[in-house]
There are 2 protein chains.
Amino acid sequence: VPRYKITIEYDGAYYVGWQRQPRGLSVQQAIEDALTALHLHPVEIVGAGRTDSGVHACGQVAHFDVERKWSCFHLTQALNSFLRDQRIAIIKTEEVSPDFHARFSAIARRYEYHIISRRAPLVLELGRAWQVYKPLDLEAMQKGAAHFLGFHDFSAFRDSQCQSQSAEKTMEIADLQEIRGRYIFTFKARSFLHHQVRNMVGTLKLIGEGRFVPDDIPRMLESKDRKQAGPTAPPDGLYFMEVIYPT
Amino acid sequence: VPRYKITIEYDGAYYVGWQRQPRGLSVQQAIEDALTALHLHPVEIVGAGRTDSGVHACGQVAHFDVERKWSCFHLTQALNSFLRDQRIAIIKTEEVSPDFHARFSAIARRYEYHIISRRAPLVLELGRAWQVYKPLDLEAMQKGAAHFLGFHDFSAFRDSQCQSQSAEKTMEIADLQEIRGRYIFTFKARSFLHHQVRNMVGTLKLIGEGRFVPDDIPRMLESKDRKQAGPTAPPDGLYFMEVIYPT
């Protein structure tokens with residue numbers, strides 16, 4: 001049974017999220033429907049990570065098994081053809097070994113979060129960034145972000161619905177750059193807790209406003225108490241950029 | 001009578017273009033309607049340049065006269081409030097002297113054009129760039145673009161409907177950068193002919209595909225014949241970035 005790995009881009013605003021749900025169209029379901037239309041009938045496609053409604057992806061990865069072999073080129077073309085009315089594109093298809101697993105084989109995931117600071121309503125970036133109305137303190141947010149680096153218990157930054165067994169994670173990258181009023185956060189780790197990036201950014205934004213100081217982050221981490229950290233940033237600014245697998 | 005200058009961002013996909021037309025909503029009309037809703041009844045707002053349907057703006061400029069003085073801050077807020085269901089935002093409002101004219105006072109205009117090279121359909125950049133399916137020859141396009149610099153008769157790159165008296169223009173910037181499969185063209189001149197940027201980019205793209213060579217540009221310019229140059233690039237990739245006035 002051949003197994004395929006697909007790399008996927010989508011506009012999260014059009015979907016209830018990655019995962020199939022009783023109500024509303026999910027990205028997973030749209031792709032499964034396209035596979036069914038191709039008579040490929042996979043049982044299920046397995047994504048590298050779940051994304052919430054409104055969260056975008058430039059490099060989500062999924063795998064699935066099909067009964068007969070296809071060329072990767074034609075599978076990509078056929079899927080994109082059936083997805084043409086969706087805001088989903090298959091960027092790449094690769095045949096992988098049967099022990100490849102989109103979620104469990106991943107050794108790292110990279111997210112970006114975009115905040116735009118300006119007074120006027122967003123137009124070209126509507127639904128693609130979190131708008132704030134005043135400039136944020138870049139250096140303070142950078143100092144705050146650096147406190148997330150390394151091994152920590154991220155309980156204070158996990159959603160109450162999070163089903164992960166452990167909140168202990170190692171942050172490999174926690175970076176922030178500013179380009180003309182746009183703040184771009186980059187986070188990379190083996191895996192993330194539910195809402196972890198949005199909770200970290202919601203907290204860093206309060207540091208940028210001067211309502212917390214960078215040195216509050218270690219205290220929040222140590223507390224392991226969600227109520228000590230800042231609110232959850234909106235989904236619009238979050239991009240699931242890349243999943244990394246062993247070469 | 002106070003005169004105001006506004007700087008405007010819009011998503012061109014939602015409008016028939018800048019200019020008021022008998023059929024369909026234009027950006028000009030949407031802003032005039034907002035001014036009317038504010039009981040400001042300007043005769044007309046005058047834009048620095050006309051943009052076609054599908055062409056975006058990050059920095060279109062317009063002026064208008066109103067009967068009574070407003071604070072620039074409140075005028076911006078009020079206009080954006082009335083424009084909240086539109087894909088138009090007023091970035092800035094300034095009171096200007098009665099001899100300021102959005103179109104005739106401008107000393108330069110800057111446009112960008114974005115081409116994205118990839119096989120998969122565009123999702124996050126849908127309607128925001130011209131998609132090509134194969135990589136383009138960056139160096140050849142850069143060499144081609146450089147031939148547009150300086151003083152030329154741009155008749156070969158003007159639309160047959162263009163109403164400009166003269167096709168003689170001086171190109172101050174004709175630049176091209178590539179960032180991960182995205183080609184960003186920048187053009188700056190005092191003024192442009194109708195479809196000039198799209199016709200130059202349509203020609204440079206053929207150079208990028210090897211169907212023309214860079215040294216064909218001087219020949220096309222000399223011919224003054226529209227049929228000698230390449231086709232008009234689609235509006236989606238064009239951004240009216242900035243209008244420059246004397247300080």
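Put together, chain A and chain B bury about 1800 Å² between them, and 62% of that sits on carbon and sulfur atoms; buried area here is the accessible area (1.4 Å probe) that two parts lose on being put together, summed over both. On the chain A side, A:Glu9, A:Val123 and A:Leu124 give up the most area to chain B, together 36% of what that side buries. This is a predicted model, in which local features need pLDDT of at least 70 and side-chain atom pairs count only at pLDDT 80 or more, while totals for chains, interfaces and linings use all residues. Residues are numbered from 1 along each chain as its sequence is written, chains are lettered from A and ligands numbered from 1 in the order in which they are written, and side-chain values use heavy atoms, with hydrogens and water left out.

In terms of contacts (heavy atoms within 4.5 Å), 23 residues of chain A meet 23 residues of chain B. Of the interface residues of chain A, 100% are interface residues in chain B too, so the copies meet through the same surface. Chain A superposes on chain B by a rotation of 180° with 0.0 Å of shift along its axis (RMSD 0.0 Å), which is the relation of a two-fold axis. B:Arg118 and A:Glu9 are joined by a salt bridge of 2.6 Å, N to O.

Now for the inside. The largest nonpolar core has 72 residues, and B:Ile31, B:Phe148, B:Phe185 and B:Phe187 have the most contacts inside it. Its top contributor is helix H4 (residues 196–208) of chain B, with 6 residues. A second, separate core of 70 residues takes in A:Val66, A:Val132, A:Ala140 and A:Val201. A core of this kind is a set of buried Ala, Val, Leu, Ile, Met, Phe, Trp, Tyr and Cys residues joined through side-chain atoms within 4.5 Å. Buried means under 20% relative accessible area, exposed over 50%, and partly exposed in between (1.4 Å probe, protein chains only). Setting aside residues up to four places away in sequence, the residues that B:Phe187 touches include B:Tyr111, B:Met171, B:Phe192 and B:Leu204.

Aromatic rings also pair up, with a count of 18 pairs over all chains. Rings of Phe, Tyr and Trp (its six-membered ring) pair if their centres lie within 6.5 Å; planes under 30 degrees apart count as stacked, over 60 as edge-to-face and the rest as tilted. B:Tyr111 and B:Phe240 are stacked, 4.7 Å centre to centre with 10° between the planes. That pair links distant parts of the chain, with B:Tyr111 in strand S5 (residues 108–117) and B:Phe240 in strand S10 (residues 238–244) of chain B, 129 residues apart. Both B:Tyr111 and B:Phe240 are buried. B:Phe185 and B:Phe187 are stacked as well, at 6.4 Å centre to centre and 10° between the planes, and both are buried. In chain A, A:Tyr111, A:Phe192 and A:Phe240 make up one aromatic cluster.

Helices (H or I, at least four residues) and strands (E, at least two) are DSSP runs, numbered from the N terminus. Helix H1 (residues 27–37) of chain A is mostly covered, with 8 of its 11 residues buried. Those buried residues, among them A:Ile31 and A:Leu35, pack against strand S1 (3–10), strand S3 (56–65), helix H2 (72–82) and strand S4 (88–96) of chain A. After H1(A) comes A:His39, whose phi is positive, near 60°.

Over all chains, the salt bridges number 32. A:Asp52 forms one with A:Arg198, the closest N and O atoms being 3.2 Å apart; A:Asp52 is in the loop between strand S2 (46–47) and S3, and A:Arg198 is in helix H4 (residues 196–208) of chain A, 146 residues away. A:Asp52 counts as partly exposed at 26% relative accessibility, while A:Arg198 is buried at 10%. In chain B, the side chains of B:Arg20 and B:Glu32 meet in a salt bridge of 2.6 Å, N to O. B:Arg20 is partly exposed at 43% relative accessibility, whereas B:Glu32 is buried at 6%.

Notes. Copies are superposed by least squares on the C-alpha atoms of residues with pLDDT of at least 70 in both. A salt bridge is a side-chain nitrogen of Lys or Arg within 4 Å of a carboxyl oxygen of Asp or Glu.
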